[in-house]
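Thanks for coming. Please have the sequence and the model open while I talk.

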Amino acid sequence: MNPTSVLFVCLGNICRSPTAEGVFHSLVASQGLAESIHIDSAGTSNWHIGERPDPRAIEAASKRGIDLTNLRGRQAIARDFAQFDYVIAMDHENYSNLSRLATPDQQAKLHLFLEFAEGVSEVEVPDPYFGSAGGFPHVLDLIENASQGLLKHILAKA
Ligand code: 4NP
């Protein structure tokens, strides 16, 4: 397949988008596609640059066999729209902030992650940062679902 690149983006890049990076990477690797699909994550804010994912995100992902400990926060920049084929926002706020970084031609690269989920009534991956630890397994369920759909979409296009 043609090499494809995917950037997952949330607000802080310490909860949802690193979780999406880890889950999607694990799925892609399980299909033998790790060499073909480049994956990264970023935040729209600069609040957690250089930081590891939130300990609650690390813990919830590790229970599903996914290691997030090597990931570090970074901020999304306009050049990401030149470098990535897909820029995937977790919620509408992320989407509109990212939209401002993209040129008119690049807007089609921008998606809401749950566009790719099946059988889910939610349209946003909820921010678990200020909630209880119980929010993290739900975020993982949504991310696992949407990751399957995103990979199907990419393979159908490739
Ligand atoms: P994320 O969650 O966008 O899923 O990484 C958040 C992380 C940090 C903050 C908010 C949301 N914060 O306010 O620092």
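First, the ground rules. This is a predicted model, so to speak of local features I need pLDDT of at least 70, and side-chain atom pairs count only at pLDDT 80 or more, while totals for chains, interfaces and linings use all residues. Residues are numbered from 1 along each chain as its sequence is written, and side-chain values use heavy atoms, with hydrogens and water left out.

Start with the ligand. Which residues are around the ligand? They are Cys-10, Leu-11, Gly-12, Asn-13, Ile-14, Cys-15, Arg-16, Trp-47, His-48, Asp-127, Tyr-129 and Phe-130; to be listed, a residue needs a heavy atom within 4 Å of the ligand. A polar side-chain atom of Arg-16 is 2.7 Å from one. For Ile-14, a backbone N or O atom is 3.0 Å from a ligand oxygen, and for Asn-13 a polar backbone atom is 3.3 Å from one. On its own the ligand has 360 Å² of accessible area, and the protein covers 93% of that. Those areas come from the Shrake-Rupley method with a 1.4 Å probe; for residues, only the protein chains shown count as cover.

Now Asn-13 itself. Asn-13 sits in the loop between β1 and α1. Helices here are DSSP runs of H or I with at least four residues, strands are runs of E with at least two, and both are numbered from the N terminus. Phi of Asn-13 is near 60°, a positive value in a residue other than glycine. Is Asn-13 buried or exposed? Asn-13 is buried, at a relative accessible area of 2%. Buried means under 20% relative accessible area, exposed means over 50%, and partly exposed is in between, with a 1.4 Å probe and protein chains only.

The side chain of Asn-13 makes a polar contact of 2.9 Å with the side chain of Ser-17. A polar atom of the Asn-13 side chain also lies 2.9 Å from the backbone nitrogen of Arg-74. A polar contact is a pair of N or O atoms within 3.5 Å; within protein, one must be able to donate a hydrogen and the other to accept it, and residues adjacent in sequence count only if both atoms are side-chain atoms.

Next, the cysteines. How many disulfides does the rule give? The count is zero, where a disulfide is a pair of cysteine sulfur atoms within 2.5 Å. The sulfur of Cys-10 has its closest cysteine sulfur in Cys-15, at 6.9 Å, which is too far for a bond. Cys-10 is buried at 2% relative accessibility, and Cys-15 is buried at 6%.

On to the cores. A nonpolar core is a set of buried Ala, Val, Leu, Ile, Met, Phe, Trp, Tyr and Cys residues joined through side-chain atoms within 4.5 Å. The largest one holds 37 residues, and the members that touch the most others are Val-6, Phe-8, Phe-24, Ile-37, Ile-88, Phe-113 and Leu-150. Two or more residues come from each of β1 (4-10), α1 (16-30), β2 (37-43), α2 (55-62), β3 (86-89) and α5 (135-157). The helix that gives the most is α5, with nine residues. A second, separate core has 12 residues, including Phe-81, Val-87, Leu-98 and Ala-102.

Within α5 there is Ser-147, which is buried at 0% relative accessibility. Leaving aside neighbours within four places in sequence, Ser-147 is in contact (heavy atoms within 4.5 Å) with Val-23, Phe-24, Leu-27 and Phe-113.

For α2, the buried residues are Ala-57, Ile-58, Ala-60 and Ala-61, and they pack against α1 and α5. Asp-54 caps the N-terminal end of α2, with a side-chain oxygen 2.7 Å from the backbone nitrogen of Arg-56.

Last, Phe-84, in the loop between α3 (80-83) and β3. Phe-84 is buried at 4% relative accessibility. Phe-84 and Thr-4 are 80 residues apart in sequence, but their C-alpha atoms are 7.8 Å apart in space. Not counting residues up to four places away in sequence, Phe-84 touches Ser-5, Val-6, Leu-7, His-38, Asp-40, Arg-74 and Lys-109.
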